[in-house]
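Me: I am new to this structure and would like to understand the words used for it. Please show it, and then I will ask how each description is reached.

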Amino acid sequence: MEISYSKRLEELEKRFRLLEQLLSDPKIISNPEEYKKLSKERAGLLPAVETYDLYKKSLSDISSNKELLLEKDSEIQALARGELSMLETRKSDLEEKIKVLLLPKDPNEEKNILLEIRAGTGGDEASLFAADLFRMYSRYAESRGWKVEVLNTSWSNVKGLKEIIAGVSGERVYSFLKYESGVHRVQRVPKTETMGRVHTSTVTVAVLAEADEVEVDIKPADLKIDVFRSSGPGGQSVNTTDSAVRMTHVPTGVQVSCQDEKSQHKNKAKALKILRTRLFEMERQKQEKERAKDRKSQVGSGERSEKIRTYNFPQSRVTDHRIGFTAHHLEEILNGKIHGLILALQSHFQKKALEESQ
């Protein structure tokens, strides 16, 4: 392993041992905020430290087996050679894992998210599939122990979703769902199709890291707030008071509407949460584009215009076009069993980041 990697690992290990001492200190234990902060840092270092321990053990085992090759007993030499081959392979695998673990961390990895799903081309069929995707993500969130809070919805006449915005909170939500942003395409026979023809519709998914108040300072003077009566499917009024809120950030022109709550105050709070996150995302994308100017490819960047996945009902097939992943259990995936796909995406983009760093 390169000296630079070994040095960084030794520093991480040293910090990890210090954190373990601090977390047993009564003064730290009596300070919940500090204890939580240090515990989180220790948890972040644990995978690299554990992998480094396994790597060092592999080096020690390799050294021991090389000494056995000097033995006069031919059987012992044969056993040592077989063990060495396995240990060298394991050592190489651990080196690659360590390199991935030492990649610069996305500062948003631990964040909660706003999940925005919008019907694209395909009219009512697109809105029905938008509802299918929201159910898929909701069930996946439930399997992970995450909380889903609907912030705003807009329904179609066929009880599909023109748009839904939801907050998803829990452990490392952004790190698992950040690669879901993009255009999701569905190929199936709509319920309204009498000739049995397969139609293609699209839905756009956006995964935004939720911004804290400290990260995005919104001045009250920069906001234009309008109130109106909320409406349900088909534009029918579902509230007799002006509880719905439309909030515009004047400097950027970003506009957010919320109408799901009967309370105008609650709708304002939700609208502000969405607005803050969208402004945070605008700044993130601006910085990302500046960093990416010298890159040859932007594939897999999470651009909302990028077609990332196809759900083909006639063949019960799901294909992720970025990584060549294909599965033939579409119904299970739409029921929220997408963890295998998400892990494959994480592995792909980690390897890609490793290649770009070398």
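Me: What makes strand 1 (residues 113–119) enclosed by the rest of the structure?

Reply: This is a predicted model, in which local features need pLDDT of at least 70 and side-chain atom pairs count only at pLDDT 80 or more, while totals for chains, interfaces and linings use all residues. Residues are numbered from 1 along each chain as its sequence is written, and side-chain values use heavy atoms, with hydrogens and water left out. Buried means under 20% relative accessible area, exposed over 50%, and partly exposed in between (1.4 Å probe, protein chains only). Five of the seven residues of strand 1 are buried, so this strand is largely enclosed by the rest of the structure. Strands (E, at least two residues) and helices (H or I, at least four) are DSSP runs, numbered from the N terminus.

Me: How do you know that strand 1 and strand 3 (residues 161–169) pair, and which residue stands opposite Ile 113?

Reply: Two strands pair if DSSP finds at least two bridges between them. Six bridges join strand 1 to strand 3, and the two run antiparallel, with Ile 113 opposite Val 168 of strand 3.

Me: How many bridges link strand 1 with strand 5 (residues 199–209)?

Reply: Seven bridges link them, again in the antiparallel sense, and Ala 119 is placed opposite Val 203 of strand 5.

Me: Why is Ser 127 called buried, and which residues does Ser 127 touch?

Reply: Ser 127, which is found in helix 5 (residues 123–144), has a relative accessible area of 2%, and is therefore buried. Leaving aside residues up to four places away in sequence, Ser 127 is in contact (heavy atoms within 4.5 Å) with Ala 119, Ser 156, Val 158, Gly 160, Leu 161 and Lys 162.

Me: Is Glu 281 buried or exposed, and how do you know?

Reply: Glu 281 belongs to helix 7 (residues 264–291), and because its relative accessible area is 6%, this residue counts as buried.

Me: What is the secondary structure of the protein, and why is the protein called more spread out than a compact globule?

Reply: The protein has nine helices and 11 strands. Its radius of gyration is 26 Å, well over the 21 Å that the globule rule gives for 358 residues, so the protein is more spread out than a compact globule. That radius is taken over C-alpha atoms, and the rule is 2.2 Å times the number of residues to the power 0.38. Along the principal axes, the C-alpha atoms fill a box of roughly 90 × 60 × 40 Å, and 40% of the 358 residues count as buried.
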